[in-house]
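User: Could you walk me through this entry, beginning with the ligand?
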Amino acid sequence: MKDLADHLFDVLENSVTSEATEVKVVLGFCNKRFSCKIKDNGRGIKSEDVTDPFVTSRKERKVGLGLPLLKKTAETTDGFLRISKLEGKGTFLEFETDISHIDAKPFGNLAKVFADALRSWPDVDFEVLIEGEKNEDEQVLNTKEIKEVVGCSDIQHKEIHDFVYKSIDKELKRIGINTQFGNF
Ligand SMILES: Nc1ncnc2c1ncn2[C@@H]1O[C@H](COP(=O)(O)OP(=O)(O)OP(=O)(O)O)[C@@H](O)[C@H]1O
Ligand SMILES: [Mg+2]
């Protein structure tokens, strides 16, 4: 995992693999700390410690490295990773990292993660928000709304992909996240 975008894509893939139909992501960037909260309505975590590399639902191999690597990325930069099973159905995952830490990973292309997600998993509804001051979050993507306008089959069109990419990229830059090069 070379950057935070790679970590985020893995977390989204985990949600989709757990049969989630709705995934909500809240991104925050304040005082050089990047935070990410992801809530899905999938089947929920089964194991006590999904950050153990030998805990995986994969059939083709017996290791799952996504979450252990994310834990390391977060904790070596004075951050954290927390995962919990939601009441009823689903999983809540939260991580934070200090982007100014010497061991911090660059952001990578975070906007592309979401544009790629809606192309890869057109049946899943993604909602993305940016954490605002005074707890007012700003919605930057709602695929359910896009599907209502363009139709379910058109969500994978390149024009939609480009539109989603550009609008998220613009909002991330506004809060100081340079998706291409990292912040420092
Ligand atoms: N959102 C989630 N809902 C349900 N189970 C999850 C979720 N995220 C992770 N898990 C469980 O934790 C395991 C470990 O996840 P992790 O990302 O570390 O590895 P992986 O996805 O199995 O493999 P890799 O990330 O290396 O491709 C998963 O196999 C799955 O059983
Ligand atoms: Mg994974």
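Analyst: A residue is near a molecule if its C-beta atom, placed from the backbone, lies within 6 Å of it. By that criterion, ligand 1 is surrounded by 20 residues, the closest being Asn 14, Ser 18, Gly 64, Gly 66 and Leu 67. This is a predicted model, with local features requiring pLDDT of at least 70 and side-chain atom pairs pLDDT 80 or more, while totals for chains, interfaces and linings use all residues. Residues are numbered from 1 along each chain, chains are lettered from A and ligands numbered from 1, in the order written.

User: Which helices supply at least two residues of that shell?
Analyst: α1 (4–17) and α2 (66–75) each do; helices are DSSP runs of H or I with at least four residues, strands runs of E with at least two.

User: Changing topic, what is the strand order in the open sheet?
Analyst: The six strands run β3-β4-β2-β1-β5-β6, with mixed pairing. β3 (80–85) and β6 are the edge strands, each pairing on one side only. Pairing requires at least two DSSP bridges between two strands.

User: How many bridges join β1 and β2?
Analyst: Eight, in the antiparallel sense, between β1 (residues 22–30) and β2 (residues 33–40). Val 23 stands opposite Asp 40 in β2.

User: And α3, which residues are buried there?
Analyst: In α3 (residues 110–120), the buried residues are Leu 110, Ala 111, Val 113, Phe 114, Ala 115, Ala 117 and Leu 118, buried denoting 20 or more other C-beta atoms within 10 Å of a residue's own.

User: What do they pack against?
Analyst: The buried residues of α3 pack against α1, β5 (125–130), β6 (138–142), α4 (143–150) and α5 (158–174), contact being C-beta atoms within 7 Å.

How values were computed:
A residue is buried if 20 or more other C-beta atoms lie within 10 Å of its own, exposed if 12 or fewer, and partly exposed in between; C-beta atoms are placed from the backbone. Two residues are in contact if their C-beta atoms, placed from the backbone, lie within 7 Å.
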